[in-house]
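Subject: Structure for you to look at

Hello,

Here is the structure I said I would pass on. Please open it alongside this email.

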Amino acid sequence: MYGHHNHGPQGHSHAPADFGRAFAIGIILNISFVAVETVYGLMAGSMALLADAGHNLSDVLGLVIAWAGVGLAKRRPSRRFTYGLRGSTILSALFNGLLLLVAVGAIAYGAIGRLGAPQPVAGGTVIVVAGIGIVINTATALLFVRGRKGDLNIRGAFLHMAADAAVSLGVVVGALAMIATGAYWIDPVISLVIAAIILWNTWGLLMSSIKMSLAAVPPGIDPEAVEASLVALPGVTHVHDLHIWPMSTTQTLLTVHLVMPDGHPGDAFLFDVQNRLAHDFHIDHATIQIELSDAGDCQLHPACDV
């Protein structure tokens, strides 16, 4: 029985890109805007504006969590944390999804309370303040746009800011409708619509982060295709103990046992397998064990009772 452990041709170069400056700018801009929006929301008597401020505040906390996750992921491995703290990016993405759900609940609660007793709203003030929010949140979202597809954690930050821009736009539309019709019930209704939109956009992030935290095979990787690719290797008669899971929001690990009755083919074979896994399936870190005889499938195989 032989084992081989590979980091891939790129080593650990797939660590999260440095978005430190984007996080810092986003946090400063948004915490300042929360203070302004809260004051003018109270002055204008707008539930929608106050809901927007509350959502912005949750997003500031979300940015802090995401930034902390990215920072922790850069910590070097230790004797205790042999993978480093790369998994913190998964935890921060999960916390961000949960935080967005809390924000949705708070907005909906306040809007439902106001819906039964609509109050006059200073529409002009609401339009100006929410308009500023659109600019700030859109600008912040653009800081994360290049990383939203490659890193679930950065995607969470992007969704926070994009959702905030949508919220502010909804507030402006609601204020214009109130000025035109004098119907102040529009203010809480707009808040409820915004809450529903945020929930819809958040659900995918939350489900993805939950699956990652449970070590599910990352989306985009077909485990059956990976197994077929390994079985097709020269000299391999059987594959078992195949596990694929995320080490972070950007890095994927694999462990596998290859049954090769003719013996260990050498390191060149193992490096070639690792290169194929990296190229074909974007699996960064592979540990491969060679066995001369089939010792039986892992108890964690889907067909086995654990």
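Below are some notes on its aromatic rings and its nonpolar cores.

This is a predicted model, in which local features need pLDDT of at least 70 and side-chain atom pairs count only at pLDDT 80 or more, while totals for chains, interfaces and linings use all residues. Residues are numbered from 1 along each chain as its sequence is written, and side-chain values use heavy atoms, with hydrogens and water left out.

Aromatic rings. Rings of Phe, Tyr and Trp (its six-membered ring) pair if their centres lie within 6.5 Å; planes under 30 degrees apart are stacked, over 60 edge-to-face, and the rest tilted. The count is one aromatic pair. The ring centres of Phe23 and Phe144 are 4.9 Å apart and the planes stand at 55°, so this pair is tilted. Phe23 is in helix H1 (residues 20–44), and Phe144 is in the loop between helix H4 (123–143) and helix H5 (152–181), 121 residues apart. Helices are DSSP runs of H or I with at least four residues, numbered from the N terminus. Phe23 is buried, with 0% relative accessibility, and Phe144 is buried at 0%; buried means under 20% relative accessible area (1.4 Å probe, protein chains only).

Nonpolar cores. A core is a set of buried Ala, Val, Leu, Ile, Met, Phe, Trp, Tyr and Cys residues joined through side-chain atoms within 4.5 Å. The largest has 42 residues, and those with the most contacts inside it include Phe23, Phe144 and Val171; contact means heavy atoms within 4.5 Å. H5 supplies the largest share of this core, eleven residues. Apart from it lies another core of 20 residues, Val226 and Phe269 among them.

Regards

Terms used. Helices (H or I, at least four residues) and strands (E, at least two) are DSSP runs, numbered from the N terminus. Buried means under 20% relative accessible area, exposed over 50%, partly exposed in between (1.4 Å probe, protein chains only).
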